[in-house]
Amino acid sequence: MIKYPLSTLALILNVVVALLPYCWWTYSVGGIIKIDDSLFLLNIYFEGQYLYISNFINMILFAFRFYVIAVSLYFLYLILRRGEKRNYLLIAWASLFYILDPVIIYIIFNYILSHFIQGVTYPFFIIGQESVEFTDSGYQITMLIQSYPTFTYWFSLAVGIINLISRFLKKY
């Protein structure tokens, strides 16, 4: 019998999330810039062309992926062999804070870029697609902004919630 079944499940699911080779969220700004990202993967496209800086970033994220796997497996070992309850909440916090990405983009557009470009009106929170308008040198420009969570994100969020629940339930 496993002493802490929910914590054990949460750690196993952490490893599963870290092994998934998919992005959590997709962003696009007028089709000019497209970003597919997760905690462990980043693909950046500019005018349809893959930017090779993504490869360098992905090497770092690949190492981080295996760090998360190693810590989760070590904590799993501590639960199964020594009976010590351990929780690793990185997936929980990362998946919850991913919801803040559209809010961060809102702040960048409305408070930083608005100092350089007049008339920027960016919606507070976008899931789906919205049109963003701004004027520059007397010209009105409209761009389609797309922001979509993927199934992998929703799975990671569910794993994160399981992690949080296992953290607060002392017997599980």
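User: Where is the place of E47?
Analyst: This is a predicted model, where local features need pLDDT of at least 70 and side-chain atom pairs count only at pLDDT 80 or more, while totals for chains, interfaces and linings use all residues. Residues are numbered from 1 along each chain as its sequence is written, and side-chain values use heavy atoms, with hydrogens and water left out. Helices (H or I, at least four residues) and strands (E, at least two) are DSSP runs numbered from the N terminus. On that basis, E47 belongs to the loop between β3 and β4.

User: Is E47 buried or exposed?
Analyst: E47 has a positive phi near 50°, and it isn't a glycine. Buried means under 20% relative accessible area, exposed over 50%, and partly exposed in between (1.4 Å probe, protein chains only). E47 has a relative accessible area of 58%, so it counts as exposed.

User: In β4, which residue is the bridge partner of F46?
Analyst: Strands pair if DSSP finds at least two bridges between them. Strand β3 (residues 42-46) and β4 run antiparallel, joined by 2 bridges. In β4, the partner of F46 is Q49.

User: Helix α2 packs on the sheet, so what angle does its direction make with that of β3?
Analyst: Helix α2 covers residues 53-82 and touches both β3 and β4. Axes are lines fitted to C-alpha atoms, for helices over the stretch in contact, and angles run from 0 to 180 degrees between N-to-C directions. Between α2 and β3 that gives about 170°.

User: In what order do the 6 strands form the open sheet?
Analyst: Pairing is antiparallel in this open sheet. Its edge strands, each pairing on one side only, are β4 (49-50) and β5 (128-136). The order is β4-β3-β2-β1-β6-β5.

User: In the hairpin of β5 and β6, which residue takes a positive phi?
Analyst: Strands β5 and β6 (residues 139-149) run antiparallel and share 9 bridges. V132 stands opposite M143 in β6. The hairpin has 2 residues between the strands, and a positive phi near 55° belongs to S137.

User: Which residues of helix α3 are buried?
Analyst: Helix α3 runs over residues 90-97. The cover over its buried residues includes α1 (5-19) and α5 (151-168). Those buried residues are I91, A92, A94 and S95.

User: What is the relative accessible area of L89?
Analyst: L89 is in the loop between α2 and α3. Leaving aside neighbours within four places in sequence, it contacts N163, L164 and R167. C-alpha to C-alpha, L89 and S166 are 9.7 Å apart in space, though 77 residues apart in sequence. L89 is buried, at 16%.

User: At what relative accessibility does T152 count as buried?
Analyst: T152 is in helix α5. Residues up to four places away aside, T152 touches L20, Y22, C23 and W24. T152 counts as buried at 10%.

User: What radius of gyration does the chain have?
Analyst: The C-alpha trace spans about 70 × 30 × 25 Å along its principal axes. The radius is taken over C-alpha atoms, and the globule rule is 2.2 Å times the number of residues to the power 0.38. For 172 residues a compact globule would come out near 16 Å, but this chain has 20 Å.

Definitions and conventions: Contact means heavy atoms within 4.5 Å.
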